[in-house]
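Hi,

Here is the structure I promised to pass on. Please have a look at it first; my notes on what I found follow below.

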Amino acid sequence: MGGEEIGRALLLSLVTACIAFTVSETALFAPWRERLRARMPWLGKLASCGYCLGCWIAFGVTAIYRPRLFVAWEPLDLLLTAFAIAWLAAFQWALLAWLLAQTGK
C-alpha cells in the first residue's frame, strides 16, 4: 500500500460524501426521493439516508477505480477498502450536514 492508494481512497471518499449528500439532502433530489419512497419504501429510505447511500456509492467507486488499502486477497481488500471509504465519507457527509444546518438552509 503506497501513498498513491491512500490519496486515491481519500479522494474517492470526498466524491462519495459529495454524491451521498447531494442525493440524500438537497432540494434538487427531493422529488426523486419522494417518488422512490412512494413506489419502493425501502429504496426511498436508502436514498434519504446519507450514510446508507454513501456505503453503496463507496462500493460502486471501489469497483470502478479499484483502490487497494490492504495487500492480501483482492476481493477482501476491495471490500475492506470500500468500507474504509464509506467510513471516511460518513464524517465528511456529517460535516456537510452540520455546515448546512449552521447556515439555516
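Helix 2 passes helix 3 in a left-handed crossing (left-handed if the near helix is turned anticlockwise from the far one by less than a right angle, right-handed if clockwise). The axes of helix 2 (residues 30-39) and helix 3 (residues 41-48) come within 5 Å and cross at roughly 150 degrees, which makes the two helices roughly antiparallel. Axes here are lines fitted to C-alpha atoms, for helices over the stretch in contact, with angles from 0 to 180 degrees between N-to-C directions. Angles under 35 degrees count as roughly parallel, over 145 as roughly antiparallel, 65 to 115 as roughly perpendicular and the rest as oblique.

Ala, Val, Leu, Ile, Met, Phe, Trp, Tyr, Cys and Pro count as nonpolar, Asp, Glu, Lys and Arg as charged, and the others, Gly among them, as polar.

Before the rest, some housekeeping: this is a predicted model, where local features need pLDDT of at least 70, side-chain atom pairs count only at pLDDT 80 or more, and totals for chains, interfaces and linings use all residues. Residues are numbered from 1 along each chain as its sequence is written, and side-chain values use heavy atoms, leaving out hydrogens and water.

The chain has 5 helices and 0 strands (DSSP runs numbered from the N terminus: H or I of at least four residues for helices, E of at least two for strands). Of its 105 residues, 31% count as buried, that is, under 20% relative accessible area with a 1.4 Å probe, protein chains only.

Now to the other pair. Helix 1 (residues 3-25) and helix 5 (residues 74-102) have axes that come within 8 Å and cross at roughly 50 degrees, so they are oblique to each other. Helix 1 passes helix 5 in a right-handed crossing, and the contact has 14 nonpolar, 4 polar and 1 charged residues. Among the residues that meet are Leu-10 and Phe-21 in helix 1, and Leu-88 and Trp-93 in helix 5.

The buried residues of helix 5 include Asp-77, Ile-85 and Trp-93, and its buried residues pack against helix 1 and helix 4 (50-65). Helix 5 is followed by Gly-104, whose phi is positive, near 80 degrees.

Happy to hear your thoughts!

How values were computed: Contact means heavy atoms within 4.5 Å. Buried means under 20% relative accessible area, exposed over 50%, partly exposed in between (1.4 Å probe, protein chains only).
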